[in-house]
Amino acid sequence: MVEESDEILEHTAAGSPPLPEYITDEEMLAALTEVPQDFRAVVLLIDVEEFSYKEAAGILDVPIGTVMSRLSRGRKLLREKLADLALSYGIGPTHQEGKSA
Amino acid sequence: MNRIQFGEGACEKTRKYLDSYISNELLVETNHEVLRHVENCAACAAEAEARMQLRARVKTAVNAQTVPPELQVRIREQIRGSRSKSWFVSGWGRWAVAMAASLIVCAGVWFNYSREKLPALTDRPAQNAYIQRVSATLAAVLKVGLGDHIHCSVFRKYPKNPPPVEKMEADLGPSYKGLLPVVSAAVPDGYRIVMAHQCSYAGRKFVHMTLEKNGEILSLVIAHKNPGESLEGPSPAVEPSGIPIYQSAAQHYQVAGFDAGNFLAYIVSDLRGKTNLQIAANLAPRVREYLMKTPA
C-alpha cells in the first residue's frame, strides 16, 4: 500500500471521456501505441501484468510516486486517444449536433 | 500511514484517488472513504466504472494478442526472478528488465501495428499505395522483388492445395520449369512450393515461386534486368560461393537479392532477417547457376 500525495495525483481529478462502446481490440491497441513509452510501460505492467505499484517501481527503478503519476497520466492519455477515435467515428457532441440540425 | 478524510470537495478528492482505488493500492482507510463516496455519488460511481472498463479493455486487448506463449513465460519468469533477488538482476540492468517487461506485453501490439491492414483484393489503387508505402525506405532495385511478392503472394494469396507439378511447369514455361527441382532441393526442410508461375506487376514481368511452411511464406522472385540495373554494391550481407547477397528490411518484410547474369533474383518473406538471408544464401548458388544458362 502506498501513501497518497495530492501533488502526484492532482491531474487525475478530471472526468474521463466516455469509453466508446464500439472500440475494437485493434483500435484499443492502436491507441495504446500512441501513448508515450514511459506511460505505456506502467499501464501495461500494472493493468495487464498486474504488478503492484511497488513491484512496478522496482522493475522500472523509479519511485512509487512516479509509477502512480505515470499510471494516471497513461490511463488518461489512453482515454483521450480513444475519445478522439470516437469523435472521428462521429460519436460525440459534433455528431449529435449534426444529426439534430 | 496517511489517512485521507473526505469532506468538502469530496468528488474532486475521490477522483484523485480513483486510479489507485481501481488498482487496489489505497490504504484501507482511504479505500473505505473512496468506496463510501462512490456508493453515494452517481457521478463518481460512473467515473469509477468508466476507468475500470478501460482497464479491463486494455487487459483484454493486449492478452488477445498472439505473443508466443513460451516467450511470454520466459520473460515473465525473468521479471519475477528479478524480484526474488531483491531487485538485483544479474547480467541485465533493471532498465533492461523493465524494457523487457514492456516489450513482452507490447510485443503483440507492436507486431500487429507494424503491419498495416491489407487493402481489399479488388482495390488496386490501395494495393499500389500500400506497396509504395511499405517499400518506401528500400533501394529501388530491392523494391522490384518486394513489390511482386506483396502483389502476388500476399494480396492474391497462394492456393491452399498446390497445383500439380505439371501445372506449375506449364505456368513457368519451358525456360524456367527446371527451377522447380533446383529450388526444392535448396530450401530448408518443410518448405513446399505452393505456387509457381510467370506474372507481371507494375509493367514488369516476373518468374515467381511461393513457398510455404506452417503458414510462413517466402517468395523467389526473378526479373529480367533493365539496362544499368544491378544489385551489386560495396557491402553485401553475405557472399556464399562468391555471390554477393544484399538484404534490407521494409516494415516486417525482408528482401534479399543477388545478381544472376541477365536477371535479378530475390528472396522475400516476413521471416526473421537472419532466416531469410540464410535461405537466400542456400538458394543463390543453384538458382544463379540455372539462370546463367537461361537465355534472357
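Helix H10 (residues 273-292) of chain B lies across strand E3 (216-224), E4, E5 and E6 of chain B, at about 25° to E5(B). The model is predicted: local features need pLDDT of at least 70, side-chain atom pairs count only at pLDDT 80 or more, and totals for chains, interfaces and linings use all residues. Residues are numbered from 1 along each chain as its sequence is written, with chains lettered from A and ligands numbered from 1 in the order in which they are written.

**Sheet of chain B**
- The open sheet has 6 strands in the order E1-E2-E3-E6-E5-E4, with antiparallel pairing (two strands pair if DSSP finds at least two bridges between them).
- Its edge strands are E1 (192-201) and E4 (246-250), each pairing on one side only.
- From one strand to the next, the twist averages 20°.
- Strands E5 (residues 253-260) and E6 (residues 263-269) of chain B are joined by 7 bridges, and Ala256(B) stands opposite Ile267(B) in E6(B).

- H3 (residues 37-48) of chain A packs against H3 (residues 42-63) of chain B at about 95°, with axes 9 Å apart.
- H3(A) and H3(B) are therefore roughly perpendicular (angles of 65 to 115 degrees; under 35 is roughly parallel, over 145 roughly antiparallel and the rest oblique).
- Val43(A), Leu44(A), Asp47(A) and Val48(A) meet Arg55(B), Val58(B), Lys59(B), Val62(B) and Asn63(B) (C-beta atoms, placed from the backbone, within 7 Å).

**Helix contact within chain B**
- The axes of H6 (residues 124-134) and H7 (residues 140-155) of chain B come within 10 Å and cross at roughly 130°.
- H6(B) and H7(B) are therefore oblique to each other.

How values were computed: Axes fitted to C-alpha atoms, helices over the stretch in contact; angles between N-to-C directions. Helix = DSSP H or I, 4+ residues; strand = E, 2+ residues; numbered from the N terminus. Contact = placed C-beta atoms within 7 Å.
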